[in-house]
Amino acid sequence: MLVSSVLLLGYVGLDQGMDIDRAVITKKANTLDLNDNLKAATKLKTGNSLHRFSAVTYSNSPDHKMSQSPLTTHILNTAQGIPAAHVAVSVVRLEDKAWREIATGITNSDGRCPGLLTSETFVPGIYKMKFAVDEYWQSLKMASFYPYIEVVFNISDACQKYHIALLLSPFSYSTYRGS
């Protein structure tokens with residue numbers, strides 16, 4: 001991978017070594033320590049002190065592209081005001097009166113599940129996203145009324161981008177088509 005620069009992320013609460021999906025880029029790093037998975041701890045020397053920041057690399061390589069999935073999702077835990085990380089997500093499509101699984105994933109630290117589908121696998125039809133939220137609430141040592149949430153939606157134009165947002169709490173949820 002051809003790396004053109006290393007950038008610091010100005011994201012409050014971002015921990016060292018955390019998976020990074022998106023953040024606000026603030027400054028270039030003076031020194032760095034990256035591992036192969038692009039999980040990093042970067043040290044920026046300011047005077048006599050060292051400050052730790054999470055970092056991400058920017059690549060100008062044609063092989064390194066942002067997720068261009070035509071279907072994306074974002075889950076927010078509104079009870080605690082945080083993204084819902086590590087939630088299992090599956091995507092199924094209705095084919096010949098039966099549901100067929102076409103993709104699975106796990107939300108990242110930002111509550112997103114990038115790269116679920118490619119434009120080749122995304123065709124008009126009726127889809128369902130299943131969010132396995134029971135395991136998520138159990139991991140937080142919280143009880144939930146909903147063991148899973150299924151959102152069914154119709155795709156009429158596969159050339160558009162579709163975003164399914166899920167606002168989640170232990171005893172309620174809301175969803176909408178975002179952008």
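**Rings and core**

This is a predicted model, and searching the whole structure turns up 6 aromatic pairs.

Q: Why is the pair Tyr127 and Phe153 called stacked?
A: The ring centres are 6.0 Å apart and the planes sit at 10°.

Q: Why is the aromatic pair of Tyr136 and Trp137 called edge-to-face?
A: Centre to centre it's 5.1 Å, with 65° between the planes. The cut-off for edge-to-face is over 60 degrees, so that's the class.

Q: How do you know whether Tyr136 counts as buried or exposed?
A: Its relative accessibility is 5%, and buried means under 20%, so Tyr136 counts as buried. Trp137, at 0%, counts as buried as well.

Q: What makes the charged end of Lys130 count as sitting over the ring of Tyr148?
A: That charged end is 4.2 Å from the ring centre. The distance limit is within 6 Å, alongside an angle condition, and Lys130 is listed as sitting over the ring.

Q: Which residues touch the most other members of the largest nonpolar core?
A: Among them are Leu71, Val91 and Phe153, in a core of 25 residues. Strand 7 (71-77) and helix 1 (133-139) are among the elements that each supply at least two residues of this core.

Note on methods:
Residues are numbered from 1 along each chain as its sequence is written. This is a predicted model: local features need pLDDT of at least 70, side-chain atom pairs count only at pLDDT 80 or more; totals for chains, interfaces and linings use all residues. Side-chain values use heavy atoms; hydrogens and water are left out. Rings of Phe, Tyr and Trp (its six-membered ring) pair if their centres lie within 6.5 Å; planes under 30 degrees apart count as stacked, over 60 as edge-to-face and the rest as tilted. Buried means under 20% relative accessible area, exposed over 50%, partly exposed in between (1.4 Å probe, protein chains only). A charge sits over a ring if NZ of Lys or CZ of Arg is within 6 Å of the ring centre and within 35 degrees of the ring normal. A nonpolar core is a set of buried Ala, Val, Leu, Ile, Met, Phe, Trp, Tyr and Cys residues joined through side-chain atoms within 4.5 Å. Helices (H or I, at least four residues) and strands (E, at least two) are DSSP runs, numbered from the N terminus.
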